[in-house]
Every structure is written in C-alpha cells, then in structure tokens.
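Dear colleague,

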Amino acid sequence: MIDPTSTAPSLLVDLYVRLSIDKEGKDSLERQEADLRAWADREGLVVRRVWRDRGKSGYKASVKRPDFDAAVAAVTSGEVAALAVWKLDRLSRRGAGQVGTVLDDVTAVGGRLHFLKDGLDSSVSNSRMLIVMLSELARAESTNTSLRVRAKKEASRREGKYLGGARPFGWLVTDGQKLRRHPDEAPIVREAVERLLAGETMNAICRDWNARGIPTRRRGSHWRASTLSAAMRSPVLSGLVPERRVEADSGYWGTDIRPWKHPDTGESVSLLAEGESPIATEGERMALLRELDSRLRRYGRGMRAVKQPESLLGGLVECASCGRTANSFGGSYRCRRWHEIGEPCTAPLNVSLGTLELAVKHAWARGLAALEPDDPVLWAVADRWLAKNDPAPMQERDELTKQLATLRARVKDVDNDRYVRGSLSADRHAALARTLEAHIAEVTHQLAALPKPDADLAALLDPELSIPAIESASALEARVLLRLAIDRVIVEPAPYPGARFHAHKRMRIVWANESSMDDSSAAK
C-alpha cells in the first residue's frame with residue numbers, strides 16, 4: 001500500500017461522501033467510498049483521506065457540515081490536488097451560490113473537483129457551465145421536495161398527528177400517529193417533572209438515572225442535562241403539537257418553544273390518543289421553562305452597570321506559535337508579542353475578531369452539551385457557578401476543609417515531638433492526640449452534614465438555551481459565561497494569507513480543570 005505521507009500532493013486526492021438519511025442502499029456512504037476508491041486507482045491517484053458527513057443535509061443552510069468545510073479547505077490549502085465526490089448533489093444541494101464559490105476557490109489554487117457519476121471534472125475546459133447547471137437542478141429538486149414535505153407536515157399538524165422521526169421518550173406512537181403513554185418511561189418522565197419543580201437539579205437527576213441504568217432512546221448513550229432539558233422544554237411533554245423555528249442569523253434552533261397554533265382556530269392541537277392524559281400539564285411545563293430561563297439571567301445579575309470590556313476574548317486567546325496572549329487590535333485578535341511588544345514570533349496570529357468570537361461561543365455551547373454528568377470539567381464549571389451564585393456554602397465548606405487540614409498537620413507535629421524529637425512525654429502525647437482526634441471527628445462530621453453543593457447548570461448545558469443567551473448577552477455577561485468553562489483558546493496561524501478560518505483545524509479549547517490536570521500529569 002502506498003503511504004500518502006510520502007506521496008507528492010499532485011498525486012493525492014481526498015474523497016467526500018455524504019448521506020442525508022443514514023441507511024443502507026445503493027447510495028450508502030460505503031458504496032460511494034468504494035466507487036470513488038476504484039476511480040482513484042484507475043487514475044493512478046492516492047487517497048489521502050475520506051471526509052464523511054453522515055446524516056447531514058446538503059440543502060439546509062442551517063445544517064453545519066464540518067467535513068464538507070474541511071474537505072474544501074484541504075484542496076484550497078494545497079494539501080491535496082483534487083477532491084472527488086460520488087455525485088454533484090452529494091457535495092451540495094444549495095445551487096450555484098455555494099458550488100460556484102467552491103469552484104472559484106479550488107480553481108484559484110489550481111485544484112481539481114471530480115464528480116464521478118456525473119462524469120464531470122473541473123479541470124476539463126467548458127465543464128463549469130455544466131457543473132453550475134446541475135447544481136441548480138439539484139437545488140430545484142430539493143426545493144420541490146421541501147415544499148411537498150412541508151405541505152404534508154402542515155396537514156399532519158392540523159390533524160394532531162405526530163410528525164415522525166424517533167418517538168419522544170415517555171411516549172408510544174400509535175398506527176394513527178397519535179401518542180399514548182409508555183408504561184415504563186412515562187412514570188420516569190413524571191418523576192423528573194416533580195423533582196425539578198421541587199428544586200432538584202437536572203445534573204442530579206441525570207446522575208441518578210445513569211446510576212439506576214435508565215436507558216435513553218439512543219442505545220449506549222447516557223443521560224445528560226441537555227437531553228433531559230430538551231424533553232422538559234418540548235410541548236410534547238404536555239401532549240401538544242410542537243413548532244420549532246430556526247434563528248435566521250445563527251442557523252441554530254431558537255428558543256421559541258410554544259405549542260403550534262392551528263391557523264383557523266388559534267388554539268394548540270393535541271397529539272394524544274383518545275382517553276390519554278399529558279405527562280405534565282401545560283402550566284407545569286411553563287413553570288419549568290420560567291425556571292430554566294431564569295438561571296442564566298440570575299448568573300448575569302448586577303453586571304450590566306459595570307463598564308463593558310473592549311473585547312469578548314481578552315486574556316483567553318493564545319498564539320499557538322509563541323504561547324503569548326493575543327489581544328484585540330481593531331477588528332482582529334493578534335499575537336501581542338509580535339504586534340505590541342515587537343518581539344519575534346515564528347508565525348504570528350492574526351484572526352478576525354468576529355470570526356473567532358463566534359467560533360468560541362459555539363464551541364463553548366457544544367462542548368458543555370457533550371459533557372457527561374460526572375466529567376471533571378463539569379465539576380469545575382459547577383464550582384465556579386456556585387462561587388458566583390451561592391458563595392456562602394462554598395466558603396463554609398472551604399473553611400471546614402482548611403480546619404481539617406490544619407488539625408491533621410498538628411497531629412503529625414505532635415507525633416514528631418514524641419517519636420522524632422522526644423520532647424513530649426507519653427502521657428502528654430496521648431492527651432494531645434485524643435484532643436486533636438476529637439476535633440478532627442467533630443469537623444469531619446460537620447463537613448459530612450453540609451448539603452453537597454449542586455449547581456443547576458441545565459440552561460448552560462442545553463445549546464437551544466445557551467447559544468441564544470450568549471449571543472444576545474452583553475460583552476461582559478458573555479465573557480463571564482465563557483470563563484465558567486474555558487481557561488484558554490489556543491489558535492494556530494493561517495496556513496497562507498487570506499485562508500478561511502476552520503475552527504476544527506486551527507482552534508483548541510482548554511477547558512476548566514484541564515490545565516490543572518495537565519500540570520499534575522507533567523509533574524509525575
């Protein structure tokens with residue numbers, strides 16, 4: 001087998017495969033890859049990497065396709081000479097706007113795009129017009145399909161039918177697309193509603209459910225606050241038809257969680273089969289929503305009157321080349337060592353302020369949502385949250401912990417006085433040891449009696465709440481929210497002037513508690 005690392009870039013090709021509905025069939029990802037590899041062998045090219053966007057739409061602007069971005073970047077940066085795609089509509093269904101831009105960028109660096117089933121290659125003269133025409137046909141086909149699906153969903157909503165997809169946790173879907181309570185799951189969901197309304201945190205419930213082995217709908221996964229939050233926010237909890245909206249600018253699902261209203265009557269529509277009752281009333285669900293919404297606001301309380309900082313990421317960004325802080329200058333974050341101090345830096349960082357800040361906000365939201373309930377990073381975030389919102393219990397716990405450490409150090413001193421220095425008699429040593437041990441037992445009991453602090457981070461761990469919240473927050477509020485979870489953002493310089501910023505290749509987040517773990521590992 002030829003080693004791609006020792007092959008000239010002119011002989012290297014990357015493959016891009018995509019499937020919006022992940023299922024086996026003639027257009028499966030495996031079939032696409034096999035056909036493309038066979039083509040590369042015939043052409044005498046070496047496959048360096050296969051980029052896969054599994055279950056990703058090529059039509060919806062709101063859908064992020066990280067491997068699509070990376071595949072195009074590999075060609076435009078010169079890492080490979082060509083990108084091969086099974087069929088043009090696998091690359092994109094957004095028409096000439098997106099495909100034309102990719103063609104321009106690839107052609108500008110002398111790269112090549114090959115579309116196997118269409119028999120098209122951008123390196124062939126006069127191929128551009130055909131590629132653009134096919135891309136517009138693919139877009140039109142997707143538009144028509146979208147209209148048909150939208151009409152079908154509208155009719156189902158009017159009839160109070162479940163729209164399909166994975167069934168909601170806690171419910172069974174009947175043949176008539178109506179909902180009935182799941183005999184095992186519905187009581188568990190009801191339990192969560194009651195525990196949350198009683199003041200318990202989502203993290204505590206998730207840890208409890210994971211310990212009890214309660215399965216999620218996705219095999220092999222565990223309960224997270226983001227998963228539970230989504231179930232509690234959905235109008236389906238109250239047996240009502242939901243409506244989800246996309247934020248026009250960010251491309252993320254918004255926080256409009258009101259039930260869908262029938263256009264003729266203006267009333268919400270029930271999904272429940274005859275004789276069924278909701279797991280939670282609409283009043284209970286709205287009470288949960290008010291509590292979730294208040295948590296992020298509670299954290300930012302009192303900060304608006306403070307002078308706003310000049311930049312969102314000041315003090316967080318680090319130039320990967322020299323390790324120095326990157327500050328904001330004009331519309332960019334630039335390596336401070338090179339730009340301000342004037343010292344040499346092998347490859348000084350210079351990245352657009354808005355681009356980096358948006359990437360960090362989204363990485364923050366997605367990273368928090370992916371944390372397991374017992375992740376050390378999440379514990380560090382919880383400590384920081386409690387130190388700001390409810391510092392008294394944390395201070396009391398810290399004071400008792402310090403007292404305990406002092407008493408144990410005193411026991412060692414007394415032992416040294418007796419057995420090393422010989423300055424204490426046996427009777428005096430025994431009396432002091434008994435007194436100290438009694439104090440240790442008392443402080444240990446006080447510590448054990450303190451309620452374990454548990455920050456309710458549900459609003460932070462649900463991207464549908466955290467992304468709109470941080471994007472609408474003031475610079476000061478957003479800085480504080482980011483610093484709950486992030487210690488540093490290490491950013492690589494651009495591979496060449498004018499290169500697009502690809503966060504997954506150029507940005508590394510150092511999360512809360514990671515720095516201390518790295519330091520302890522290094523010390524060992």
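**Helix α5 and its surroundings**

Gly160, which follows α5, has a positive phi near 70 degrees. Helices here are DSSP runs of H or I with at least four residues, strands are runs of E with at least two, and both are numbered from the N terminus. Please note that this is a predicted model, in which local features need pLDDT of at least 70 and side-chain atom pairs count only at pLDDT 80 or more, while totals for chains, interfaces and linings use all residues. Residues are numbered from 1 along each chain as its sequence is written, and side-chain values use heavy atoms, with hydrogens and water left out.

Helix α5 covers residues 127-158, 32 residues in total. From its first C-alpha to its last it reaches 47 Å, close to the 46 Å expected at 1.5 Å a residue; the expected span is 1.5 Å times one less than the number of residues. Its buried residues are Ser127, Ile131, Ser135, Ala138, Ser142, Ser146, Ser156 and Arg157. Buried means under 20% relative accessible area, exposed over 50%, and partly exposed in between, with a 1.4 Å probe and protein chains only. The elements that cover these buried residues include α3 (88-91), α4 (96-108), β4 (112-115) and β5 (120-121), where contact means heavy atoms within 4.5 Å.

**Salt bridges**

The whole structure contains 35 salt bridges, each defined as a side-chain nitrogen of Lys or Arg within 4 Å of a carboxyl oxygen of Asp or Glu. One of them joins Glu141 to Arg93, with the closest N and O atoms 3.9 Å apart. This pair links distant parts of the chain, since Glu141 belongs to helix α5 and Arg93 to the loop between α3 and α4, 48 residues apart. Glu141 is partly exposed at a relative accessible area of 46%, whereas Arg93 is buried at 13%.

A further salt bridge connects Asp208 and Arg195, whose closest N and O atoms are 2.8 Å apart. Asp208 lies in helix α7 (residues 202-212) and Arg195 in helix α6 (residues 185-197), so the pair ties together parts that are 13 residues apart in sequence. Asp208 is partly exposed, at 24% relative accessibility, and Arg195 is buried, at 16%.

Glu343 and Arg337 also meet through their side chains in a salt bridge, at 3.3 Å from N to O. Both count as partly exposed, Glu343 at 32% relative accessibility and Arg337 at 24%.

**Nonpolar cores**

A nonpolar core is taken as a set of buried Ala, Val, Leu, Ile, Met, Phe, Trp, Tyr and Cys residues joined through side-chain atoms within 4.5 Å. The largest has 71 residues, and Met232, Leu313, Leu356, Trp364, Leu460, Ile486 and Met507 have the most contacts inside it. Helix α11 (residues 353-369) contributes the largest share of this core, 7 residues. Setting aside residues up to four places away in sequence, Leu313 touches Tyr333, Leu356, Glu357, Val360, Leu482 and Arg483. A second, separate core of 23 residues includes Ala71, Leu88, Leu113 and Ile131.

**The sheet**

Five strands form an open sheet in the order β2-β1-β3-β4-β5, with mixed pairing; two strands pair if DSSP finds at least two bridges between them. The edge strands, β2 (46-54) and β5, each pair on one side only. Strand β1 (residues 12-19) pairs with β2 in the parallel sense over 8 bridges, and Leu19 stands opposite Arg54 in β2.

**Two buried polar residues**

Glu185 lies in helix α6 and is buried, with a relative accessible area of 12%. Its side chain makes a polar contact with that of Arg167 at 2.8 Å. A polar contact is a pair of N or O atoms within 3.5 Å; within protein, one must be able to donate a hydrogen and the other to accept it, and residues adjacent in sequence count only if both atoms are side-chain atoms. Not counting residues up to four places away in sequence, Glu185 touches Arg167, Phe169, Gly170 and Trp171.

His262 is found in the loop between α8 (225-233) and α9 (282-299), and counts as buried at 14% relative accessibility. The side chain of His262 reaches the backbone nitrogen of Asp264 at 3.0 Å. Beyond its neighbours within four places in sequence, His262 is in contact with Arg158, Glu267 and Val269.

With kind regards
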